[in-house]
Amino acid sequence: MEKAYFDYAATTPTHPEVVTAMLPYFEEKFGNPSSIHGFGRETKAAIQDARLKVADLLGADQAEIVFTGSGTESDNFALEGVAFSREKEGRHIISTPIEHHAILETLKFLEKRGFKVTYLPVDQYGMVNPEDIKKYVNDETILVSVMHANNEIGTIEPLAEISKVIRELNINRENRIYLHTDAVQTVGQIPVNVNELGVDLLSLSAHKFYGPKGVGALYIRKGTKLVSFMHGGEQERGRRASTENVPGIVGLGKACEIAKKELPVWTTELTRLRDKLKNGLFAKISDIELNGHPTLRLPKNLDVSIQYVEGESMLLSLDMEGIAVSTGSACSSGSLEPSHVMLAIGKTHEQAHGSIRFSLGRLTTEKEIDYVLEVFPPIVERLRKMSPLYKGVK
Ligand code: PLP
């Protein structure tokens, strides 16, 4: 059986050069970076080197990078850290209904502790209107958190415009509004520069761009107030206690270095392959529609809704052919409700249940695209023949 992986938005295979860079830090170079002897100094230097590489990819200063255990941790740290350090200045946060659960669940947690959250409306593509922030902001607002690109539908949000609106609002405010972005789906995928985006805080995760799992980082602009929620040693300048995941951090640094070099090639090639897949599917399958913005979207992302068929059935049938995809339909996510993203962009339950996400990566080949185009349309046809909804239509 052929195999084709189309789930790079879920996770990516670690780049061989990343693995090579990490390996010495499991055996020979194992010192605790907090130790002042040579073994410790060696790993401390490796962490510093990785910090420079992350900062370089983001256009940040190395002192603004804090290593964390994941994208989820970075999101929790940003939101809770700002909320609890600034609660005396205000208890209002603005976000969107299409954020990842790492943000949405943290916001729910904060709401239970007395914070108020306003969710900005999004249009049919999942796009926020930056001007809306002016409508929803109040004297208590301390933070706006808008994801850079959506993990499901791939839409890229207008972060630079959002930060412009916030900068204007901040001119007359004593309690400055911070801007956080969950850039887990964009760092290493498209150019991300913290100054061009104008963000105060930015979350990223290594395993989404060919680094190892279980390591991430939070960019914290100089002067940004936030409390730590890991207490213990003085690691990461007291921002994040616990002995560092040295191999992981080295791997993240290497992944950033590779991304910086390869990004233009990845972007062009992925856009080409993604569009070939899209055009092929739209030519061969009827009643299919694109989810997310037609142009302002991640190069790797193709998310479609196919009428009269269930996402899970398509996913499982594709899996039997060795093809890995993801769906915004219910069961795959372990809940009964379809994807909150689909519902927020105004899709019906049927459309949400019929959604399939293909996400491409640096190892995706033309052959894999051809394989999907050969195998998938007959699957849809077969499933439709079994669908009572489709029979009603035909
Ligand atoms: N935010 C977004 C947009 C994501 O896509 C993900 C992962 O799916 C996360 C946060 C969580 O990152 P991690 O898996 O490193 O915890």
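The domain assignment divides the protein into domain 1 (4-12 + 263-388) and domain 2 (16-258); such bounds come from an automatic or database domain assignment. The model is predicted, with local features requiring pLDDT of at least 70 and side-chain atom pairs counting only at pLDDT 80 or more, while totals for chains, interfaces and linings use all residues. Residues are numbered from 1 along each chain as its sequence is written, and side-chain values use heavy atoms, with hydrogens and water left out.

The C-alpha centres of domain 1 and domain 2 are 28 Å apart. Across the interface, 29 residues of domain 1 are in contact with 34 residues of domain 2, where contact means heavy atoms within 4.5 Å.

**Pockets and cavity**

Rolling a probe the size of a water molecule over the atoms shows where empty space is left. The search uses a 1 Å grid over the protein atoms alone: a cavity is a set of points where a 1.4 Å probe fits but cannot get out, a pocket is an open set with protein on both sides within 12 Å along at least five of seven lines, and lining residues have an atom within 4 Å of a point. Grid points are joined across faces, edges and corners, and a volume is the space filled by probe spheres set on the points. In the lining classes, Ala, Val, Leu, Ile, Met, Phe, Trp, Tyr, Cys and Pro count as nonpolar, Asp, Glu, Lys and Arg as charged, and the others, Gly among them, as polar.

| Space | Volume | Lining by class |
|---|---|---|
| Largest pocket | about 650 Å³ | nine nonpolar, 19 polar, eight charged residues |
| Second largest pocket | about 280 Å³ | three nonpolar, four polar, seven charged residues |
| Largest cavity | about 70 Å³ | five nonpolar, three polar, one charged residues |

The largest pocket has 36 lining residues, and those nearest its centre are His100, His101, Asn151, Glu152 and Arg357. Two or more lining residues come from each of α3 (71-86), α4 (101-112) and α10 (340-344), and α3 has the largest share, with three residues. Helices (H or I, at least four residues) and strands (E, at least two) are DSSP runs, numbered from the N terminus. Because domain 1 and domain 2 both give residues to the lining, the largest pocket lies between them.

The second largest pocket is lined by 14 residues, with Pro33, Lys44, Arg51, Glu236 and Glu244 nearest its centre. One of these, Glu236, is in the loop between β8 (216-220) and α8 and has a positive phi near 50 degrees. Arg237, found in the loop between β8 and α8, has a positive phi near 55 degrees. Most residues other than glycine have a negative phi. Glu236 is buried at a relative accessible area of 7%, whereas Arg237 is exposed at 56%; buried means under 20% relative accessible area, exposed over 50%, partly exposed in between (1.4 Å probe, protein chains only).

The count of cavities of 30 Å³ or more is one. Its lining consists of Gly188, Gln189, Tyr210, Trp266, Thr267, Leu270, Leu298, Pro299 and Lys300, and domain 1 and domain 2 each supply at least three residues. Gln189 is in the loop between β6 (178-182) and α7 (194-197) and is buried, with a relative accessible area of 11%. Residues up to four places away in sequence aside, Gln189 touches Lys208, Phe209, Leu263, Thr267 and Lys300.

**Nonpolar cores**

A nonpolar core is a set of buried Ala, Val, Leu, Ile, Met, Phe, Trp, Tyr and Cys residues joined through side-chain atoms within 4.5 Å. The largest has 63 residues, and Leu58, Leu202, Phe209 and Leu252 have the most contacts inside it. Helix α8 (residues 246-284) gives the most to this core, ten residues. Domain 1 and domain 2 both give residues to this core, so it lies between them.

A second, separate core has 29 residues, including Val309, Leu315, Phe358 and Ile369. Leu315 is also among the buried residues of helix α9 (residues 311-320), with Gly311, Glu312, Met314, Ser317 and Leu318. The cover over the buried residues of α9 includes β10 (301-306), β11 (323-324), α11 (349-353), β12 (355-359) and α12 (366-386). Just after α9, Gly322 has a positive phi of about 85 degrees.
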